[in-house]
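Here's a quick briefing to read alongside the coordinates.

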Amino acid sequence: MKRPMKVLVAPVSAAVAVALLAGSAAHALRLPPARHCPVFPANSAWNQKVDKLPVAADSTQLIASIGLAAPVHADFGSGKWDGGPIGIPFDVVSRATPLHRVSFAYADESDRVRYPIPRHVHIEGGTNATGDRHAILVDKSTCRLYELYDLRHAGHGWTAGSGATWSLRSNHLRPAGWTSADAAGLPIFPGLARWDEVRRGVIDHALRFTAAETRRAYLYPARHYASSSNDPSLPPMGLRVRLKASVNIASFPRQARVVLRALQRYGMILADNGSPWYISGAPNRHWSNDALHKLGRLSGADFELVDTSSLPQPGK
């Protein structure tokens, strides 16, 4: 997680009225166990529709670099894979949850506050996971989001690679150049596909996805890169893509169809290095892995890069 030397940021449009016409905003569906907490404000980048925005000039090149033939994959589901739940879990906590100090490997880019870690905290991949080991904590008492990367319990304390916290009522971003629990310096939680949303029939926010190779640059709302390459054909962190409107999603199973409709309306934001077109979500026993697997009928060729330069950039 290196500090950036070069920053690429989409310019802010002076005509906010045009932006509001091009991409309308809506409050993301609230999490049932934390109903009084928004999932960031209505004008958050995560909650902006992008279905009416123009295609970016470098769309063909950057989509090809991620992988035209690579299939879409739901990196979440029900049951277990390799001994752990499928997806990135989260915990809803409250003032009653004990607060803990955490020792960070990337302390200079972490929020060194006490984190509300429950006794049986859910860690990505499970307790014995060797991967990213993300832990996401939504405090319903304060409407605050805490996220940790590579969380581990050592001796009598907790260690992590990095940690970050946000107010769910604010558009405040990380300092420029800072990582978070995610390589792009973004919050993970607002980009997850959640079962409670699909059960209600709509995901009304952008989703999070990964690409195998990225550039040494980032676009709003990302704040950090994780690459040493300046190759302009590679995508920067924060890149926003959408499923083409011409893709007919009517034949997909309902769960997959809800995800695809969100990808046409809100798109998805590049947040980390990983397998191409892997879409993030939270594990839940109600997911149908067979239905989600049908997303693999689509590939990178079905997506296009969105020109988001006309959208407002709150919090920047």
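The mean positions of the protein's 37 positive and 24 negative charges sit 6 Å apart, with Lys and Arg taken as positive, Asp and Glu as negative, and His and the chain ends left out. Each charge is placed at NZ of Lys, CZ of Arg, CG of Asp or CD of Glu. Keep in mind that this is a predicted model: local features need pLDDT of at least 70, side-chain atom pairs count only at pLDDT 80 or more, and totals for chains, interfaces and linings use all residues. Numbering runs from 1 along each chain as its sequence is written, and side-chain values use heavy atoms, with hydrogens and water left out.

**Overall fold**
- The protein has five helices and 17 strands, read as DSSP runs (H or I, at least four residues; E, at least two) numbered from the N terminus.
- The C-alpha trace spans about 55 × 45 × 35 Å along its principal axes.
- Of the 316 residues, 55% are buried (under 20% relative accessible area, 1.4 Å probe, protein chains only).

**Around Ser-180**
- Ser-180 sits in the loop between strand S12 (162–167) and helix H3 (195–200).
- Ser-180 counts as buried because its relative accessibility is 0%.
- A polar atom of the Ser-180 side chain lies 3.0 Å from the backbone nitrogen of Asp-182.
- Leaving aside residues up to four places away in sequence, Ser-180 touches Ser-162, Ala-164, Trp-166, Arg-174, Gly-185 and Leu-186 (heavy atoms within 4.5 Å).

Terms used:
Buried < 20%, exposed > 50% of the residue type's maximum accessible area, 1.4 Å probe, protein only. Polar contact = N/O pair within 3.5 Å; in protein donor to acceptor, adjacent residues only side chain to side chain.
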